[in-house]
Amino acid sequence: MAQEEVPASVDQPYIRKAARKIRNGWLAAILVNLLTLSGLMGWVYGVRLLDIFDVVLVFGLAFGIYKKSRACAAVMLVYFVLHKTLFMLLAGLPIGILVSAAFVYLFVQGLVGAMDYRARTQPDQASEPGSGA
């Protein structure tokens with residue numbers, strides 16, 4: 001894995017901290033997907049197209065978080081919260097609420113890391129000449 005070049009003027013400790021948060025976010029997404037896949041293995045004949053879509057979507061979002069995408073990190077957080085809320089409402093029980101809370105924390109960290117990374121490495125768009133601001 002090649003390390004991305006960061007301008008010398010960027011505060012390196014903050015970048016490392018943001019990169020660690022991003023790593024935790026995409027690893028959490030991969031773990032959620034592996035747990036989903038392991039649950040689907042028992043339902044080989046009952047796998048629906050929606051289940052396959054769920055797995056592909058989460059892998060895609062994990063890759064986006066890995067590439068430091070703020071949008072993918074935000075969508076993953078919202079998707080996970082909505083998915084788990086719907087699942088718990090349909091089940092009628094708060095199944096796995098502590099584990100879900102831990103995943104939500106990791107997804108929030110991934111989003112914060114992606115936002116911090118962007119803020120520290122990208123020039124301020126509003127201060128560029130001709131930007132209309």
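In the protein, 68% of the contacts with a separation of 6 or more are accounted for by residues 24 or more positions apart. The model is predicted. Its secondary structure consists of four helices and zero strands, and the order of the elements from the N terminus is α-α-α-α. The protein has 133 residues, of which 27% count as buried.

Helix H2 covers residues 49–66 and contains 18 residues. From its first C-alpha to its last, H2 reaches 26 Å, which is close to the 26 Å expected at 1.5 Å a residue. The buried residues in H2 are Asp51, Asp54, Val55, Val58, Leu61, Ala62, Gly64 and Ile65. Just after H2, a positive phi of about 70° is found at Lys68.

A nonpolar patch on the surface is formed by Leu31, Leu34, Leu35 and Phe59. Together, the four residues of this patch have about 350 Å² of accessible area. Helix H1 (residues 12–41) provides the largest share of the patch, with three residues. Leu31 is found in helix H1. The relative accessibility of Leu31 is 42%, so the residue counts as partly exposed, a class that lies between buried, under 20%, and exposed, over 50%.

Aromatic rings were also examined. A pair of such rings is described by the distance of the centres and the angle of the planes. Five aromatic pairs are present in the structure. In the pair of Phe80 and Phe107, the ring centres are 5.2 Å apart and the planes stand at 65°. The pair is therefore edge-to-face, because an angle over 60 degrees places a pair in that class. Phe80 lies in helix H3, whereas Phe107 lies in helix H4 (residues 97–121). The pair therefore ties together parts that are 27 residues apart in sequence. Phe80 and Phe107 are both buried. Elsewhere, Trp26, Phe63 and Tyr66 are linked into a cluster by ring pairs.

Conventions
Residues are numbered from 1 along each chain as its sequence is written. This is a predicted model: local features need pLDDT of at least 70, side-chain atom pairs count only at pLDDT 80 or more; totals for chains, interfaces and linings use all residues. Side-chain values use heavy atoms; hydrogens and water are left out. Patches are made of residues with over 30% relative accessible area and no salt bridge: like charges are joined within 9 Å, nonpolar side chains (Val, Leu, Ile, Met, Phe, Trp, Tyr) within 5 Å. Accessible areas come from the Shrake-Rupley method with a 1.4 Å probe; for residues, only the protein chains shown count as cover. A salt bridge is a side-chain nitrogen of Lys or Arg within 4 Å of a carboxyl oxygen of Asp or Glu. Helices (H or I, at least four residues) and strands (E, at least two) are DSSP runs, numbered from the N terminus. Buried means under 20% relative accessible area, exposed over 50%, partly exposed in between (1.4 Å probe, protein chains only). The expected span of a helix is 1.5 Å times one less than its number of residues. Rings of Phe, Tyr and Trp (its six-membered ring) pair if their centres lie within 6.5 Å; planes under 30 degrees apart count as stacked, over 60 as edge-to-face and the rest as tilted. Contact means heavy atoms within 4.5 Å.
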